[in-house]
Each structure stands twice: as C-alpha cells, then as structure tokens.
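The sequence and the structure come next, followed by the lead sentences and the points grouped by topic.

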Amino acid sequence: MVNTTLVTGFLLLGFSKDPELQIFCGVLFLLMYLVALMSNLLIVTVLSLDAQLQAPMYFFLKNLSLLDVSLVSVPMPKFILNSLTHNNSISLPGCAFQLLLMTCFSASEIFILTAMSYDRYVAICCPLHYEAIVNGHVCMLMAGASWAVGGLFGAMYTAGMFSGPFCGSSVIPEFFCNIPSLLKISCSDTLLAVSPSLGIGIGLSLSCFVCIIFSYVHILSTVLRIPTRKRQSKAFSTCLPHLVVFTAYTLSAFMVYLRPPADSPPFIDRLPSVIHTALPPILNPVIYTLRNGDMKRGLRRMQKSICAFTHLADEWKDVYKSSKAATCKF
C-alpha cells in the first residue's frame, strides 16, 4: 500500500546547511541575478528605443531577453531570500506556481530559439524573399504562438503534476521545485496524469530540435557557397551566437531534466540546475552584443543620447538657477 502522506509544503535543500555558506550562496546568487536582470533589460531597452534595430532578428532577440528575465526571476529571488533568512521551506501553492512559470518560460524559450533559427534560415537561404516571408505579421504570430503554447504546456503539466497527493519525503534536493524531484516523490496516479503533457513536451522539444538542425544544415551549405570571405564572415557572425545559445540551453536542460535525482546529491550534481537557470540569461546578452556590430552601435547611440540628455538637463538647471538669482535681486 502506497504511503500518501498529505504534504502541505516542501523543503528545498539548496547547496549547504552551513549558515555562513548559505549567506555566501545568497549573496553570490544575488549578484548573478542582478547581472542577468540589468543586462537583459538593457538589451530590451536598446531594441525598443533604437529605430535602426527593428529587424525581425532583433524582435526575436527582444523576446528572448524578456523570457530570460522572466525565467531567472522565478527561482532566484526565492532562493536568495531562503539563503539569507536560513529558511528553506516553500509552500505547496508556491511550488506549484514556481513549476508553472518555469515550464512556461522554458518551453517558450525553446520555441523562440526555433523561430530565430527559421529567421536566419530565410535570411541566408532565401534573401530575395526574406521581407515577404518574415514580415511583421509573421513575427508577431510566431512570438505570440511561442508564448501561448509555452503557457498552455506549463498549465497542463502543472495541473497534472499537482492533481494528486505526494508520497513519502517532502524534501527536494535542489534550490527550486524542479520536475525530476517532484516526479520522484509523486504517487503513481500523479505520474499517469502528467504522462500526456510530458509526452507532448518531449514531442515538441524534439520537433524544435529537428527544425533547428535542419535550418543550420541548410545555412551551413549556403554559407560555404558564398564566394567572398567577408560575406561568409558576416553570415557566420549572425548565426554563430544563436547556435551557441541554443546548444548551451539544450545541453543544460538535458542535464537537469533527464538526470535521475538523488536523495541528497553532492554539490557538483546541482551545478547543472544553476547552469540552466542562471548561465543563459547572463551569457545571452554578452554573446549577442559582442558578436553583433549593430548591437554595439545601438549601445553607443543610446549612450550618446543619455549623455546629451544629461548635458541638456544640466544646462536647464543652470538656466533655472540664473533666472532664480536674477529674480531674487529684483
């Protein structure tokens, strides 16, 4: 007979039981979170305000940055708060909400990366028809579908996961409510309830993976036929960042979601979770900025605009002080 003890909350083990090490981890994750948050919001700001960066590629990049901000903001603040207050508990609704948002944003990010690969495929393999195929309406449709399908999958998966009770221990050997740990302590009927959404998720992920591989095989064959080195380098510079981001994201996701959870894994076994949640939001802005001349020029233009605005504000401040002093004399 299965032990169906009623669980009202979970205990996130994090990385250490030592209070001093918990504070160190909390401060370290706080710095990582602030770097990821500010860098991605900077990209969103530049792409939203710069009229010269309104191509479909930058539209998808803006959506990717918004997803990175959303994804890293789900587990990080809770873990930082738990580490600094030495309280590793999370309520059942809180865990469900965390799982819902994590699965929503993770699935949406895979779809956005697939849309970005399709955009690069059309731009390089069908350049004459690029504006007709990847127009504003198509971009909005692909981005909206990515967010909507990701949200639908997250809702289905979370509803199936929390449709029944949890058996045995309420300890989650991670710093957030991840899927393998919850599957391990869920009852058999819960596993059956979550199987359809799990199958759909695997099918969609494999479909996206095949689409991206197909796109880059054709992109590579097309680029190698380009006669000039300069044009080859330009084509690679627009595709290489996306390929690096996709590889890092999928490899870390496989390491997190396909690795069987242990009861109390060592510190090194919890690093894939950190890599999957924190590293892509930190590296994506660096990769896309350093390898993209248009982004660099956009950042410089925004910097000049900020300096000009600051200079203008100082001038108005001096004029105001002068007029105020002249008024006082009268």
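Ring pairs link F29, F79, F175 and F176 into a cluster, where rings of Phe, Tyr and Trp (its six-membered ring) pair if their centres lie within 6.5 Å, and planes under 30 degrees apart count as stacked, over 60 as edge-to-face and the rest as tilted. This is a predicted model, in which local features need pLDDT of at least 70 and side-chain atom pairs count only at pLDDT 80 or more, while totals for chains, interfaces and linings use all residues. Residues are numbered from 1 along each chain as its sequence is written, and side-chain values use heavy atoms, with hydrogens and water left out.

**Ring pairs**
- By the ring rule, the count comes to 8 aromatic pairs.
- F29 and F175 form an edge-to-face pair, because their ring centres are 5.6 Å apart and their planes stand at 65 degrees.
- F29 lies in helix α1 (residues 19-49) and F175 in the loop between β3 (171-172) and α7 (179-185), so this pair ties together parts that are 146 residues apart in sequence; helices (H or I, at least four residues) and strands (E, at least two) are DSSP runs, numbered from the N terminus.
- F29 counts as buried at 4% relative accessibility, and F175 is buried with a relative accessible area of 1%, where buried means under 20% relative accessible area, exposed over 50% and partly exposed in between (1.4 Å probe, protein chains only).
- The rings of F79 and F175 also make an edge-to-face pair, with centres 5.2 Å apart and planes at 65 degrees.
- That pair links distant parts of the chain, since F79 sits in helix α3 (residues 76-85) and F175 in the loop between β3 and α7, 96 residues apart.
- F79 is buried, with a relative accessible area of 6%.

**Packing of α1 and α3**
- Helices α1 and α3 pack with their axes 8 Å apart and at an angle of about 150 degrees, the axes being lines fitted to C-alpha atoms, for helices over the stretch in contact, with angles from 0 to 180 degrees between N-to-C directions.
- That angle makes α1 roughly antiparallel to α3, as angles under 35 degrees count as roughly parallel, over 145 as roughly antiparallel, 65 to 115 as roughly perpendicular and the rest as oblique.
- Residues of α1 including F29, L30 and Y33 meet residues of α3, among them F79 and I80, with contact meaning heavy atoms within 4.5 Å.

**Whole chain**
- The chain has 11 helices and 3 strands, and buried residues make up 44% of its 330 residues.
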